[in-house]
Amino acid sequence: MIDTHAHLYDEHFTQNWEVHLHEMKTAGIQEVWLPNCDRESWGALWELYVANAAFCKPMIGLHPTYVKEDFEEQLSFLVKELQSKKVLAIGEIGLDYYWDISFKAQQITAFEKQCHWALEHHLWIDVHCRKAYADLIAILKKKEFNDVRGIIHCFSGDAREAKTLVDLGFTLGIGGVLTYKNANLFQDIQEIPLTNIVLETDAPYLSPVPYRGKPNSPAYLGLIAQKLADYREMPLADVIQVTSTNAKALKAYSSFE
Ligand SMILES: [Zn+2]
């Protein structure tokens with residue numbers, strides 16, 4: 001299995017790396033894709049990737065909740081790194097109106113700029129979107145972004161937004177929220193073909209049931225796959241096979257080994 005989104009460079013993992021790595025591998029995880037947050041997180045992310053190149057794959061980008069007064073400096077630092085290093089994707093990037101809307105305009109500017117990076121480097125984008133689906137869709141529908149592809153990580157929109165994004169060529173990243181009793185996620189993605197879904201954990205956040213409230217791990221990815229198999233009434237092996245194929249297609253899109 002491939003975990004398409006986990007913050008493994010978080011100290012929670014790096015402080016006890018060998019133990020976590022063993023646990024992930026034992027749980028059947030072959031690869032984990034690392035979304036970046038900002039300039040500060042990039043060093044740890046890249047270091048972890050270099051030391052574990054077969055297991056970890058790097059993304060670069062400025063996360064929307066890290067878009068503040070200094071976002072232009074952040075972007076110019078990150079774009080320089082992008083010019084000299086090979087990465088899997090631009091991420092995680094997007095819009096987050098849940099925590100703070102005081103930098104809304106800057107979030108939009110930063111997101112559009114990074115979509116252009118993706119087009120220039122023929123990479124896909126890993127999108128973080130919270131309480132901002134209308135704006136996200138409006139941006140992705142712009143003509144200049146016609147060819148932008150990627151994952152809507154931790155998809156949290158409604159059924160109509162799910163369909164719109166898939167029609168635009170996007171894949172939905174599905175994680176621990178699927179296991180939450182009160183979440184409508186399974187209904188919202190019911191009409192979405194499995195060929196447009198990938199699995200992720202967002203570890204160390206968003207632990208699936210029965211680990212809610214504790215640190216998450218890619219080792220729990222199987223619980224999410226199992227839940228999806230239950231909802232779709234199909235064999236677990238098929239869910240794993242199709243979602244892994246989808247993830248590999250994105251890797252191929254970026255020509256990443
Ligand atoms: Zn994340």
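The points below take up the helices, then single residues, then the backbone.

1. Basis of the notes. This is a predicted model, in which local features need pLDDT of at least 70 and side-chain atom pairs count only at pLDDT 80 or more, while totals for chains, interfaces and linings use all residues. Residues are numbered from 1 along each chain as its sequence is written. Helices (H or I, at least four residues) and strands (E, at least two) are DSSP runs, numbered from the N terminus.

2. Helix α4. This helix takes in residues 71–84, 14 residues in total, and its first and last C-alpha atoms are 20 Å apart, close to the 20 Å expected at 1.5 Å a residue; the expected span is 1.5 Å times one less than the number of residues. Gln74, Leu75, Leu78 and Leu82 are the buried residues of α4, where buried stands for 20 or more other C-beta atoms within 10 Å of a residue's own, exposed for 12 or fewer and partly exposed for the range in between, with C-beta atoms placed from the backbone. They lie on the same side of α4, because they cover an arc of only 95° around the axis, the arc being that of the directions from the helix axis to the C-beta atoms. The other side of α4 carries the exposed residues Glu73, Ser76, Lys80, Gln83 and Ser84.

3. Packing of α4. The buried residues of α4 pack against α3 (39–51), β3 (56–60) and α5 (104–121), with contact taken as C-beta atoms, placed from the backbone, within 7 Å of each other. How are α4 and α5 arranged, in angle and in distance between axes? They pack at an angle of about 10°, and their axes are 11 Å apart, which makes α4 roughly parallel to α5. Here the axes are lines fitted to C-alpha atoms, for helices over the stretch in contact, and the angles run from 0 to 180 degrees between N-to-C directions; angles under 35 degrees count as roughly parallel, over 145 as roughly antiparallel, 65 to 115 as roughly perpendicular and the rest as oblique.

4. Residues between α4 and α5. From α4, Phe71, Leu75, Val79 and Leu82 meet Gln106, Ala110, Lys113, Trp117 and His121 of α5. Sorted by class, this contact has six nonpolar, two polar and one charged residues, where Ala, Val, Leu, Ile, Met, Phe, Trp, Tyr, Cys and Pro count as nonpolar, Asp, Glu, Lys and Arg as charged, and the others, Gly among them, as polar.

5. Helix α3. Trp42, Leu45, Leu48 and Tyr49 are the buried residues of α3, and they fall on the same side of α3 because their arc around the axis is only 140°. The face turned away from them carries the exposed residues Glu40, Gly43, Glu47, Val50 and Ala51. The buried residues of α3 pack against α1 (11–14), β2 (31–34), β3 and α4.

6. Ile93 is in strand β4 and counts as buried, because it has 31 C-beta neighbours inside 10 Å. Leaving aside residues up to four places away in sequence, Ile93 touches Gly61, Leu62, Pro64, Phe111, Gln114, Ile125, Val127 and His128. Leu199 is part of strand β8 (residues 197–199) and is also buried, with 25 C-beta neighbours inside 10 Å. Among the contacts of Leu199 beyond four places in sequence are Met1, Ile174, Leu221 and Thr243.

7. Backbone points to inspect. A cis peptide bond, with omega about -5°, joins Gly91 and Glu92, and Glu92 belongs to strand β4 (residues 89–96). Another cis peptide bond joins Ala203 and Pro204, with omega about 10°, and Pro204 lies in the loop between β8 and α9. Leu206 is found in the loop between β8 and α9 and has phi near 50°, a positive value in a residue other than glycine. His122, in the loop between α5 and β5 (124–130), likewise has a positive phi, near 50°. Is each of these two residues buried or exposed? Leu206 is buried, with 20 C-beta neighbours inside 10 Å, whereas His122 is exposed, with 11 other C-beta atoms within 10 Å.

Conventions. Two residues are in contact if their C-beta atoms, placed from the backbone, lie within 7 Å.
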